[in-house]
Amino acid sequence: VQLQASGGGLVQPGGSLTLSCTASGSASSIGVLGWYRQGAGKARNLVAGISRGGNSNYADSVKGRFTISRDNAKNTVYLKMNNLKPEDTAVYYCRNWGTGFEHWGQGTQVTVSS
């Protein structure tokens, strides 16, 4: 499975961005889709994840601001980010995981700055 992420960029505080990530490959190896982020000098941490059935979970720091969704027909996961803050600045990575498999996409930079 390959993951192709897009949608990063530079945005002012309070602004919005939407990230997308499309998985290609064996459908049986596409499970939970999610987003992680890694700020400069920091660990990579989960931002949000969503199962095939639509069950989602979020990091406390983004609850109420970010929304994850997926289109199973397109094998694509989206992350709608609203009210962005400078501390959201990071490289965002798409991840696909399930029993016995794990795949990572390339990172996409999100910079929140005035």
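The legends below describe close-up views of a predicted model. Residues are numbered from 1 along each chain as its sequence is written, and side-chain values use heavy atoms, with hydrogens and water left out. Because the model is predicted, local features need pLDDT of at least 70 and side-chain atom pairs count only at pLDDT 80 or more, while totals for chains, interfaces and linings use all residues.

View 1. Strand β11 covers residues 108-112, where strands (E, at least two residues) are DSSP runs numbered from the N terminus.

**View 2. Y92 in strand β9.** Y92 lies in strand β9 and is buried, because its relative accessible area is 0%. Leaving aside neighbours within four places in sequence, Y92 is in contact (heavy atoms within 4.5 Å) with residues including L19, W35, F66, L79, T108 and V110. The C-alpha atoms of Y92 and L46 are separated by 9.7 Å, although the two residues are 46 residues apart along the chain. A polar atom of the Y92 side chain lies 2.7 Å from the backbone oxygen of D88.

View 3. D88 lies in the loop between β8 (76-81) and β9, and it counts as buried because its relative accessible area is 0%. R65 is placed in the loop between β6 (56-58) and β7 (66-71), and R65 also counts as buried because its relative accessibility is 8%. The side chains of R65 and D88 are joined by a polar contact of 2.7 Å, a term for a pair of N or O atoms within 3.5 Å in which, within protein, one must be able to donate a hydrogen and the other to accept it, and residues adjacent in sequence count only if both atoms are side-chain atoms. Beyond neighbours within four places in sequence, R65 is in contact with K80, M81, N82, N83, L84 and K85 as well as D88, while D88 is in contact with R37, R65, F66, N83, V110 and V112.

View 4. G31 lies in the loop between β3 (17-24) and β4, and it is buried because its relative accessible area is 13%. Not counting residues up to four places away in sequence, G31 touches I50, R52, R70, N96, W97 and F101. From C-alpha to C-alpha, G31 and H103 are 10 Å apart in space, while they are 72 residues apart in sequence.

Methods. Buried means under 20% relative accessible area, exposed over 50%, partly exposed in between (1.4 Å probe, protein chains only). Helices (H or I, at least four residues) and strands (E, at least two) are DSSP runs, numbered from the N terminus.
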